[in-house]
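User: I'm new to this one and would like a walk through it. Can we take it piece by piece?

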Amino acid sequence: MSLRKTNEAAAYVRASMDRKGDRWTIETQLRKIRALAEAKDWEVVEVYDDNAVSATKKRRAGTRWAEMLDDARAGRFSMVVAVDMDRLPRSTKDLNTLIDLGLRVVTVDGGRRVPRDDARGSRPLRGPTQG
């Protein structure tokens, strides 16, 4: 695995049906992610959009999720940013995959941050964050 710069981020977005309006449209998600990235001086190197992939379907080759994992293995970024945890992992396995790849998982709207391994090798979940 390549060494990564610590400020390079992947943005992961996925639309859903929302009775309240446009809360989680792709555009809304990207606007929030880019605002956080700018505030934190992070570079969004790629946007991975699984807009047409149902949250109830198993993730597989050919999705932007799979492409994101391949790019993570290639060292393109050090963190994955989503607006909320419900936009990102669909299972504990998905979250573990991100952690095992050494990625920071950051959410814009609440959720939890998953840091990379600390010096003791632990992977604690920390409280609600905004980046």
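User: Is Trp65 buried or exposed?

Analyst: Trp65 counts as buried, because its relative accessibility is 4%, where buried means under 20% relative accessible area, exposed over 50% and partly exposed in between, with a 1.4 Å probe and protein chains only. This is a predicted model, in which local features need pLDDT of at least 70 and side-chain atom pairs count only at pLDDT 80 or more, while totals for chains, interfaces and linings use all residues. Residues are numbered from 1 along each chain as its sequence is written, and side-chain values use heavy atoms, with hydrogens and water left out.

User: How many aromatic pairs are there?

Analyst: The structure holds two aromatic pairs, meaning rings of Phe, Tyr and Trp (its six-membered ring) with centres within 6.5 Å, where planes under 30 degrees apart count as stacked, over 60 as edge-to-face and the rest as tilted. In one of them, the ring centres of Tyr12 and Trp65 are 5.5 Å apart and the planes stand at 85 degrees, so this pair is edge-to-face.

User: And Tyr12, is that buried or exposed?

Analyst: Tyr12 is buried, with a relative accessible area of 0%.

User: Switching topic, where is Arg87 found?

Analyst: Arg87 sits in the loop between strand 3 and helix 3, with helices (H or I, at least four residues) and strands (E, at least two) taken as DSSP runs numbered from the N terminus. Arg87 is buried, at a relative accessible area of 5%, and a polar atom of the Arg87 side chain lies 2.7 Å from the backbone oxygen of Arg14.

User: What does Met68 touch?

Analyst: Leaving aside residues up to four places away in sequence, Met68 touches Ala10, Tyr12, Tyr48, Phe77, Val80 and Leu98, where contact means heavy atoms within 4.5 Å.

How values were computed. Polar contact = N/O pair within 3.5 Å; in protein donor to acceptor, adjacent residues only side chain to side chain.
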